[in-house]
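Student: I have not looked at this structure before. Please show me how to read its features.

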Amino acid sequence: MSDNRSRGNASMDSQSNRFENRVKLAPTSDPIKTEPHDGEQSLIACKYPGLKSASKRKRGTDFTGNEKTETKDDKSAISKSRMRPFAPPLRLKSQGKQLVNTSVVDTRLTRYEASWYTTVDTQKLWKRSDLQTLLYTAELIKKAFYAVEAGHGQEVAFSILRRRLHQVEFYDFITEVLVVKSKLLDDQGFPAVFDSTVIPWDLRADALVLFKKWGRRQWDPDLLRGIVTKKGTSSKEKTLNTRSIEKDYPLKVSANYVGAGDLVNGQWWPLQICTIRDGAHGTPEGGIYGQAEKGAYSIIMSGGGYSDIDEGDDIKYCGTSGEEDKPTAFTERMLESFKLKNPVRVLRSAALAGKHSKYRPAKGLRYDGIYDITGYELLDKGTSMYRFALKRCAGQDPIRYQGEEVRPTEEELSQYGKIQARLGSLE
């Protein structure tokens, strides 16, 4: 028993010796003197520095309560006495500077800046099938770009996308919630198309039209939206239709401006009154529209027996018949535009006839861009009949009178045909 105990004591003594051999403490008589670094000094001076609340520390003192020191050469330097053990040094508060020439940075991912787009309540009810239809349109846009990158299949992808854009214009289920959820107004939607240099120009124009319409919350696909149609019988028992713009139609656009404004080359309307609604032209019957002393804003190439010549980019356009040495107000507007060097908007009507009529639309009226008035000639002094020479301004897309890009599209003609059938008369 005693042997076991002695062996146990001996074992403990040997373990103690091995531990002391591993941890060799410096003798107290060591001649080399060491001084604690700043962190150790703080720990020695303050037994529990971490328990001392920052709110209870006095300004101008360190963790130990000693006054902090700062050199005159560098007042922004942090004193060693302020160093916190096991923590990064305290940072001095930088003195804020007042900015000059400031500007707000736009971080939106959407091109359209209308306030409604960012405030739409997306919790409103919507049909899943309707959203899927719009998302498929976004997918077709991606496929068009994929085809371009792959280097094959572009024409097929472009043709499918072209047909889809023509159809989207007449979707009757569009709402602001669906527009936001589809992200077609975001940069990866319609803007990706009309900003591209590899997508055909007519697709870019069609995407831009949809972008502008939806941006204005113009969801109604009806070609005669905002137009009041009245049907009656004349004294000779002939059925007649009369039309006018709704008195308080909220989306009516003024036509009193120079240039293209918000119009896109190739836009089409079934009736002249629709051009008034959308600000392309300003009168329901006259071919010249403008304001006194500001000149003409727009003209319509049409029939009527005038000696007009239409060669596409070059036009010879007649004013109206007046009296000797007294041009009509319409002719005066054209003369004023020539003097002011203001371009005019040119619309072509299906009623355009004559030798050079290949540029006319199949039906209705089409916006074909802006033209400069380069000169004029007096055809008949007795009626003050002037004929003006106009040249299409450079940098515009071609006139959309032929090929896949032709306007009106098949969809537009189909929709207008349905309207005519409902009225029971041909326009």
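The dialogue below takes up helix packing, salt bridges and a surface patch.

Tutor: This is a predicted model, in which local features need pLDDT of at least 70 and side-chain atom pairs count only at pLDDT 80 or more, while totals for chains, interfaces and linings use all residues. Residues are numbered from 1 along each chain as its sequence is written, and side-chain values use heavy atoms, with hydrogens and water left out.

Student: How are two packed helices described?

Tutor: Two packed helices are described by the angle between their axes and the distance between the axes. Helices (H or I, at least four residues) and strands (E, at least two) are DSSP runs, numbered from the N terminus. Axes are lines fitted to C-alpha atoms, for helices over the stretch in contact, and angles run from 0 to 180 degrees between N-to-C directions.

Student: At what angle do helix 4 and helix 7 pack?

Tutor: The angle between helix 4 and helix 7 (residues 201-215) is about 30°, and their axes are 10 Å apart. Helix 4 and helix 7 are therefore roughly parallel. Angles under 35 degrees count as roughly parallel, over 145 as roughly antiparallel, 65 to 115 as roughly perpendicular and the rest as oblique.

Student: Which way does helix 3 run relative to helix 4?

Tutor: The axes of helix 3 (residues 128-150) and helix 4 cross at roughly 155° and come within 9 Å. That makes helix 3 roughly antiparallel to helix 4.

Student: How do I read a salt bridge?

Tutor: Side chains of opposite charge can pair when their charged atoms come close. The cut-off here is a side-chain nitrogen of Lys or Arg within 4 Å of a carboxyl oxygen of Asp or Glu. The structure holds 19 salt bridges.

Student: Where does the salt-bridge partner of Arg 163, Glu 411, lie?

Tutor: In the salt bridge of Arg 163 with Glu 411, the closest N and O atoms are 3.5 Å apart. Arg 163 lies in helix 4 and Glu 411 in helix 10 (residues 410-423), so the pair ties together parts 248 residues apart in sequence. Arg 163 is partly exposed, at 43% relative accessible area, whereas Glu 411 counts as buried at 16%. Buried means under 20% relative accessible area, exposed over 50%, and partly exposed in between (1.4 Å probe, protein chains only).

Student: Are Arg 348 and Asp 368 buried or exposed?

Tutor: Arg 348 and Asp 368 form a salt bridge, with 2.8 Å between the closest N and O atoms. Arg 348 is in strand 8 (residues 344-349) and Asp 368 in strand 9 (residues 365-380), so this pair ties together parts 20 residues apart in sequence. Both Arg 348 and Asp 368 are buried.

Student: Which residues make the nonpolar surface patch?

Tutor: Patches are made of residues with over 30% relative accessible area and no salt bridge; like charges are joined within 9 Å, and nonpolar side chains (Val, Leu, Ile, Met, Phe, Trp, Tyr) within 5 Å. Accessible areas come from the Shrake-Rupley method with a 1.4 Å probe, and for residues only the protein chains shown count as cover. Here Tyr 136, Val 156 and Ile 160 make a nonpolar patch of about 280 Å². Val 156 belongs to helix 4 (residues 154-168) and is exposed, with a relative accessible area of 56%.
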